[in-house]
Amino acid sequence: MDDAVLDTAEAIESFRIQYLGRKSGAITNLFKQIKDIAADERKAFGQRVNALRSLAEARIADAEANMTSAARQEATDLDLTLPGRRPVSGSLHPLTDTLEEIKRIFAHFGFSVAEGPEIEDDWHNFSALNFPPDHPARDMQDTFFVEAPTEESDGVVLRTHTSPVQIRVMEEQAPPIRVIVPGRVFRNEAISYKSFCLFHQVEGLYVDEGVTFADLKQLLHIFAQALFGADVQMRFRPSFFPFTEPSAEVDIWWPNPELPGGGRWLEILGCGMVDPNVLEGVNIDSEKYTGYAFGMGVERITMLRYDIADIRSFYENDVRFLNQF
Amino acid sequence: MQISLNWLSDYIDLSALTPDAISDMLTMVGLEVDSMETVGPTLDGVVVGHVLERTQHPNADKLSLCQVDLGEGEPVQIVCGAPNVDAGQKVPVATVGTTLMLPDRKTGEPVPVTLKKAKLRGEVSNGMICAEDELGLGDDHDGIMVLDADAPIGQTMEDYLRGQGRTLNDTVYDIAITPNRPDAVSHIGVARDLAALTEQSVRRPDVNLPEAGGAAAERVTVKLVSPEACPRYVALLVRGVTIQESPDWLKDRLTAIGLRPINNVVDVTNYVMYECGQPLHAFDADQIAGDTIIVEQTTAPETFVTLDSQERTLPVGTLMICDAERRVAVAGVMGGENSEVTDVTTNVLIESAYFDPSLIRKTAKALGLQTDASYRFERGIDRDGQVWAAARAADLIAELGGGMRVDGMVDAHPVLPKPLVLTLRLSRIETILGVAISHADTVRLLTAIGFGVEDAAPGTLSVTVPLFRPDVEREIDLIEEVARLYGYDNIPEPKRTPVPNKPPQIAAIEVLRPMVRTRLAGLGFREVCTNSMQRAETAALFAGSDLHSGESVEIVETLNPISQEMAALRPSLLPGVLQVMSYNQNRGQRQLHLMEFGHIMHRADPKRSTLVPGYNEYEALILAMSGTAPGRWNQEARALDVYDVKGAVEWLLELLRIEGRIRFEATPTPGEVTSYRLDLRVKKRHVGVVACVADAVADTFALRDPVYFAELDWAALVELAAPQFDRDAETVSRFPSVERDLAVAVNRDQPVGPMLDVIRQFGRPLIQDVAVFDVYQGERIASDQKSVAFALRFGADRTLKDKEVDKRIRTIVQRLGKEFGATLRG
């Protein structure tokens with residue numbers, strides 16, 4: 001029994017039949033003989049036959065196990081160089097990519113997200129933000145009008161900035177208010193590689209006790225470092241927005257060895273301390289509370305991040321362009 | 001606004017600063033330099049020459065041979081083509097090696113040309129005798145420039161010109177003036193900020209200020225009909241003026257800042273406006289009927305010809321300058337053709353007035369005419385700058401035109417408003433800025449820009465606002481002035497960030513949108529971002545009933561579209577996405593799975609409560625597919641169909657945990673933009689549509705492949721889904737489920753959807769899931785029948801007995817038979 005070579009399924013099967021076959025297996029036959037054995041020897045005989053059967057079964061089990069592992073070691077005939085069945089790949093728009101990054105950064109600093117309508121009334125878009133009627137400040141933003149002002153209403157526009165949502169949030173909520181407001185805005189400007197009739201902004205607003213311009217500088221500095229790297233150079237220069245005072249525009253230094261000064265300042269956002277008129281307009285006590293606000297263009301930042309030269313590529317949606325993001 | 005560095009230097013000493021440093025200073029004090037340009041001719045290599053001898057060129061009639069003394073060495077020969085060149089003249093000579101900007105022969109554009117020693121028609125020429133325009137000194141090209149007879153031979157042209165009082169090289173800053181800086185729209189205004197930063201004071205030119213009355217007032221009468229619209233009107237007279245070209249220094253100043261010189265009178269009014277910010281107008285005094293000026297508003301629409309020869313329609317209420325008989329100017333915007341200064345004018349009436357900013361802005365807007373004057377008036381000029389400016393202009397006109405300033409002036413309504421006095425709390429500066437600025441610094445900074453500062457109650461200052469700062473009305477305005485002069489960059493950043501003791505509120509949509517968007521991208525959808533504005537016709541087509549719950553909606557148009565291509569706002573994301581499909585198909589991209597999140601809008605009943613009454617706007621999500629499910633090496637490509645997009649929607653609803661809440665309602669007939677569609681509803685509320693784009697629409701967009709899409713009311717879905725994400729988890733049953741297949745034959749027109757509903761209904765409470773795994777029509781079944789095979793899964797929180805499952809199956813088969821005539825297949 002020990003000498004039998006059990007290297008094929010057939011050999012194992014004939015071994016099994018030879019020793020353990022139900023009809024004429026050698027060991028089976030020994031079992032059949034038990035009844036003929038003298039009673040005093042029967043027990044010892046039975047034990048020996050049982051041991052024999054275990055031995056045979058163990059050999060079969062071993063042989064079968066060897067067979068399987070032998071099969072494992074054998075090379076497959078699959079052509080593994082064939083390409084896989086790849087799922088179709090989708091992509092997120094580069095503006096989404098940047099916007100989500102901006103949201104993530106501000107989320108770390110405890111900002112919630114608020115949104116508002118793209119068709120906006122004149123009150124929220126202008127008047128409540130301290131743009132007096134017939135003031136040159138209104139010329140700063142070329143506006144699409146939807147409804148001309150009448151006796152009853154001030155008119156309706158496509159929002160020129162996301163700042164009206166500041167008003168909507170402050171109308172609903174009491175300080176402390178700490179939100180960012182992403183959204184689409186519209187400007188009636190000639191379309192070119194650097195301007196489009198719409199773009200996306202992220203507005204930020206923090207109103208609380210003790211909020212200062214220094215806090216604003218710090219937050220935006222952190223933001224710029226998070227987005228453009230820890231060694232980003234930044235400057236705040238005085239500017240004007242009707243709804244903030246003091247107001248500033250923020251530039252970052254964009255190195256470019258080809259330029260005479262080794263680079264240039266690029267404007268990335270506007271900001272300032274919320275004008276007391278705006279706070280009072282939504283019944284927030286401007287003596288008790290101060291606040292800062294800031295706003296940036298998602299397109300502009302995306303163009304900087306990815307070195308995209310033409311703003312129109314965002315709205316053309318050539319899938320070969322989109323596939324890179 | 002263009003600001004010349006030479007001009008600024010008339011009022012302050014900037015010699016210690018480089019032009020770049022000045023540019024940075026301006027930008028950092030709030031006068032942003034958009035661009036900076038070095039202007040003026042390059043005169044390197046151009047010297048004064050003396051023409052010793054002129055002879056005819058032997059080979060060319062129009063050329064002369066000149067022997068020119070350049071002050072060193074032997075005289076050189078220069079060939080010259082100018083008719084006016086002659087022996088004895090002092091002339092500018094561009095020597096060999098000089099680079100001049102000369103007009104290109106073909107284009108006429110100036111290009112740099114470096115002079116070489118050359119032979120012209122066989123004669124040697126060592127350089128070039130130059131005309132004015134060739135040196136960039138003017139427009140004259142009639143002949144060479146002839147210099148003063150006593151010009152030193154060999155002197156550089158630059159030195160020569162400096163000796164003539166001309167400074168041609170200049171740096172010009174283009175400054176973006178913000179609306180809160182009406183005081184800075186002039187050279188003196190800009191100089192004031194620079195003076196404050198460099199601790200100097202502005203040197204204003206000396207002017208003889210006239211007394212009100214005198215001969216001028218005897219001659220001219222001014223009547224202000226609307227004193228609130230024109231609270232001050234100063235008139236001065238200059239007699240016996242000769243209208244002529246302005247002298248070089250004045251032309252150089254104006255040219256440097258981009259103005260075209262016209263004549264001495266007009267140039268002076270422009271010069272003074274750019275000097276101090278007060279717009280002036282010069283009338284031909286002899287054209288002013290009755291020597292009377294009346295300032296009044298129109299009461300009916302009328303037309304008027306402005307001095308640019310345009311006939312303009314004036315709206316009611318336009319403020320006009322009139323004489324005894326007629327209109328002579330649109331106040332604050334532009335003068336009239338009928339009274340402008342011409343070549344034969346001898347007597348000039350100078351108008352220097354203050355007009356109401358808002359009124360001028362309205363007029364300029366209505367006329368679509370922004371002039372240098374209206375730009376300044378509408379921002380608010382110095383309330384008390386009229387007399388100085390008028391006198392300054394009168395002096396200059398008299399000087400440059402050989403005239404006489406008439407004694408006195410008319411000063412109509414010279415009641416000045418009291419200067420505003422504001423209280424500034426030093427503590428408030430720190431509250432706003434986050435840095436303490438000392439009492440002394442605050443006083444110094446404000447005083448430097450013309451504010452009057454006195455100590456008031458402890459810790460406060462009493463600040464008198466100068467009349468040229470109408471924008472400063474409140475304490476916060478003063479704090480801004482202090483901050484910008486102190487320097488924003490000098491305000492230190494705190495070391496730590498305070499955050500309110502309140503968790504940020506995260507709206508469900510902010511969680512679900514990024515999650516769904518990312519998952520859809522994983523499913524193969526590519527996100528696009530399309531224009532919200534489209535043709536009105538396109539918008540109207542997609543406002544049809546089949547995209548909007550069976551009722552078409554009214555589109556929103558803008559009153560002032562950029563073009564007809566973008567006149568209306570999208571009532572659906574579909575047209576934008578179809579455009580993208582067409583664009584990409586034309587570029588060889590046929591496998592298109594697109595998605596977009598975006599606001600769509602239409603008009604609404606103003607009585608409905610929408611955020612902005614009259615407009616319904618909400619965020620939608622579109623999924624659109626065209627092309628094929630791509631083939632593989634052992635799998636054939638398959639055309640996409642509506643089930644692909646329907647499947648994606650079902651997947652999405654499952655992801656949002658609201659699949660059971662949404663009903664799909666089939667409309668097999670064509671609509672305006674769809675061939676057939678499924679409406680998604682929650683109870684009665686329409687939350688989306690799944691459809692195939694109609695052929696006619698596909699043709700309009702020149703689409704090559706059929707498009708299947710789903711447009712969903714994303715805002716509504718989020719509202720439904722949000723509570724689902726707050727649910728507790730259910731324990732998974734430990735007991736095995738039982739799976740059974742069931743095939744039935746039904747009439748081939750029988751929709752499967754209702755059969756599924758019946759199975760779910762009558763499989764209750766044991767049924768957990770049902771799927772369709774086969775739909776068959778063909779030889780093995782009667783020709784009017786089809787076989788539908790379902791896979792059912794039953795389960796409960798115990799081990800199911802075969803008997804109870806069999807009972808459910810029997811009930812289901814019975815109901816399918818009763819409701820749809822279905823028979824069980826063996």
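In this predicted model, the lining of the second largest pocket is made up, by class, of 22 nonpolar, five polar and 17 charged residues. The space that lies in this pocket comes to about 1,800 Å³, and of the 44 residues that line it, those closest to its centre are B:Lys646, B:Glu650, B:Phe664, B:Leu756 and B:Arg760. Several elements of chain B give two or more residues each to the lining, namely the helices H17 (642-655) and H20 (752-762) together with the strands S35 (663-667), S36 (674-682), S37 (685-693) and S40 (767-776). Among these contributions, that of H17(B) is the largest share, with eight residues.

The contact between the two chains was examined next. Chain A takes part in this contact with 95 residues, and chain B with 94 residues. The size of an interface is often given as the accessible area lost when the parts come together. For chain A and chain B, the buried area is about 7,800 Å², and carbon and sulfur atoms give 55% of it.

In one salt bridge, the side chain of A:Glu287 meets that of B:Arg425, with a distance of 2.8 Å from N to O.

How values were computed: Residues are numbered from 1 along each chain as its sequence is written. Chains are lettered from A and ligands numbered from 1 in the order in which they are written. This is a predicted model: local features need pLDDT of at least 70, side-chain atom pairs count only at pLDDT 80 or more; totals for chains, interfaces and linings use all residues. Side-chain values use heavy atoms; hydrogens and water are left out. On a 1 Å grid over the protein atoms alone, a cavity is a set of points where a 1.4 Å probe fits but cannot get out, and a pocket is an open set with protein on both sides within 12 Å along at least five of seven lines; lining residues have an atom within 4 Å of a point. Grid points are joined across faces, edges and corners, and a volume is the space filled by probe spheres set on the points. Helices (H or I, at least four residues) and strands (E, at least two) are DSSP runs, numbered from the N terminus. Ala, Val, Leu, Ile, Met, Phe, Trp, Tyr, Cys and Pro count as nonpolar, Asp, Glu, Lys and Arg as charged, and the others, Gly among them, as polar. Contact means heavy atoms within 4.5 Å. Buried area is the accessible area (1.4 Å probe) that two parts lose on being put together, summed over both. A salt bridge is a side-chain nitrogen of Lys or Arg within 4 Å of a carboxyl oxygen of Asp or Glu.
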